[in-house]
Amino acid sequence: MPDSGFRSASAVFFNSEECPRVENQSLPSYDRPTLINQQTPLDGGMKATDMFSWLTGSEMGGRIRAFDWSRTPLGPIEHWPASLVSILGVCLTAQTPMAIYWGADSWLLYNDAWRPVVGGKHPWALGHPAREVWPELWPTIQHYFHSVLNTGEANWRTDELLPMQRFGYTEECYFDYSLNPIRGQSGAVEGILNIVQETTYRVLNDRRTSLLRELASLSGSAQNDTDACA
């Protein structure tokens, strides 16, 4: 059979003339404990060389880093559980408004995109429990929080009316939001991830549009000025 110009893989890889054996080639050595120490939290806490490097790059990352967490039940950042560190890292880099309520009292952490949600309570709200951040809402929303913590099932609300006091007065605010369980290494729910989108402008605009459409319909059927203004 004539030579087709192609050779099998075995002919290429096992031809000692074309693939001479490489002797005495040393491989780089790695300090395995050092790598584990840099990449993997041990004993439920962070043990990286720079344990705060993941908190750079955003306003809230800097604020969380500077906050004295030893005054809260969360304790110093270097002792935080891996589950909290992991979800907070995702939260801080997300462009979607996201907040974390941690522990039974729902201590608050949030990202830059979530700042407008809390309004004039920023940055005071950081590191405070939910019932102190939202006293005007707590009678309404506390059972949502308790449900997630106790059942491990997420809540989702659409165009929910939340009369907030973000700037010292009560606002008619509407939100799409979810409260999602955050589980620790044991499988127990340790916190809540809040993903939110304010829909106030759309809801109010839809209401105005509907009202104008209704008025136009009524005025169009009027027979005289008195009927149109009735």
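Student: What share of the contacts with a separation of 6 or more comes from residues 24 or more positions apart?
Tutor: In the protein chain, that share is 48%. Keep in mind that this is a predicted model.

Student: OK. How many helices and strands are there?
Tutor: The protein chain has nine helices and five strands.

Student: In what order do they run from the N terminus?
Tutor: The order is α-α-α-α-β-β-α-α-α-β-β-β-α-α.

Student: What percentage of the residues is buried?
Tutor: Of the 230 residues in the protein chain, 34% are buried.

Student: Let's go inside. How many residues are in the largest nonpolar core?
Tutor: It has 48 residues. Those with the most contacts inside it are Ile 64, Trp 80, Ile 100, Leu 109 and Trp 114.

Student: Take Ile 64. What is it in contact with, leaving aside neighbours within four places in sequence?
Tutor: Quite a list. Ile 64 contacts Leu 55, Trp 69, Ile 77, Trp 80, Leu 88, Leu 92, Leu 109, Tyr 110 and Leu 126.

Student: Which residues of α4 are buried?
Tutor: Ser 83, Leu 84, Val 85, Ile 87, Leu 88, Cys 91 and Leu 92. Leu 88 and Leu 92 were also among the contacts of Ile 64.

Student: What do the buried residues of α4 pack against?
Tutor: They pack against α3 (59–66), β1, β2, β4 and β5.

Student: How far apart are the end C-alpha atoms of α4?
Tutor: They are 17 Å apart. Helix α4 covers residues 82–93, and its twelve residues should span 16 Å at 1.5 Å a residue, so the two values agree.

Student: Switch to α7. How many residues does it have?
Tutor: Helix α7 has 14, residues 138–151. From first C-alpha to last it reaches 19 Å, close to the 20 Å expected.

Student: Which of its residues are buried?
Tutor: In α7, those are Trp 138, Ile 141, Tyr 144, Phe 145, Val 148 and Leu 149. Seen down the axis of α7, they fall within an arc of 130 degrees, so they line one face of the helix.

Student: Why does that spacing put residues on one side of a helix?
Tutor: An α-helix has 3.6 residues a turn, so residues three or four places apart point the same way.

Student: Which exposed residues sit on the face of α7 turned away from the buried side?
Tutor: Pro 139 and Asn 150.

Student: And what does the buried side meet?
Tutor: The buried residues of α7 pack against β1 (98–102), α6 (130–133), β3 (155–164), β4 (171–183) and β5 (189–198).

Student: Strands, then. In which sense do β3 and β4 pair?
Tutor: Antiparallel, over eight bridges. Leu 161 stands opposite Tyr 174 in β4. The two strands form a hairpin with six residues between them.

Student: How many bridges join β4 to β5?
Tutor: Nine, and these strands run antiparallel too. Here Asn 180 stands opposite Leu 193 in β5. This hairpin has five residues between the strands.

Student: Which glycines have a positive phi in those hairpins?
Tutor: In the turn of β3 and β4, Gly 168 has a phi of about 95 degrees. In the hairpin of β4 and β5, Gly 187 takes a positive phi near 95 degrees.

Student: Which residues other than glycine have a positive phi?
Tutor: Two to look at are Ser 106, near 55 degrees, and Asp 159, about 50 degrees. Most residues other than glycine have a negative phi.

Student: Is Ser 106 buried or exposed?
Tutor: Ser 106 is buried, at a relative accessible area of 2%. It lies in the loop between β1 and β2 (107–110). Among the residues Ser 106 touches are Tyr 101, His 128, Phe 145 and Leu 149.

Student: And where does Asp 159 lie?
Tutor: Asp 159 lies in strand β3. At 28% relative accessibility, Asp 159 counts as partly exposed.

Student: Last one. Where is the cis peptide bond between His 122 and Pro 123?
Tutor: Pro 123 is in the loop between α5 (115–118) and α6. Omega for the bond joining His 122 and Pro 123 is about 0 degrees.

Conventions. Residues numbered from 1 in each chain as written. Predicted model: local features only at pLDDT ≥ 70, side-chain atom pairs only at ≥ 80, totals over all residues. Heavy atoms only, no water. Core = buried A, V, L, I, M, F, W, Y, C linked by side-chain atoms within 4.5 Å. Buried < 20%, exposed > 50% of the residue type's maximum accessible area, 1.4 Å probe, protein only. Contact = heavy atoms within 4.5 Å. Helix = DSSP H or I, 4+ residues; strand = E, 2+ residues; numbered from the N terminus. Expected span 1.5 Å × (residues − 1). Arc of directions from axis to C-beta. Pairing = 2+ DSSP bridges.
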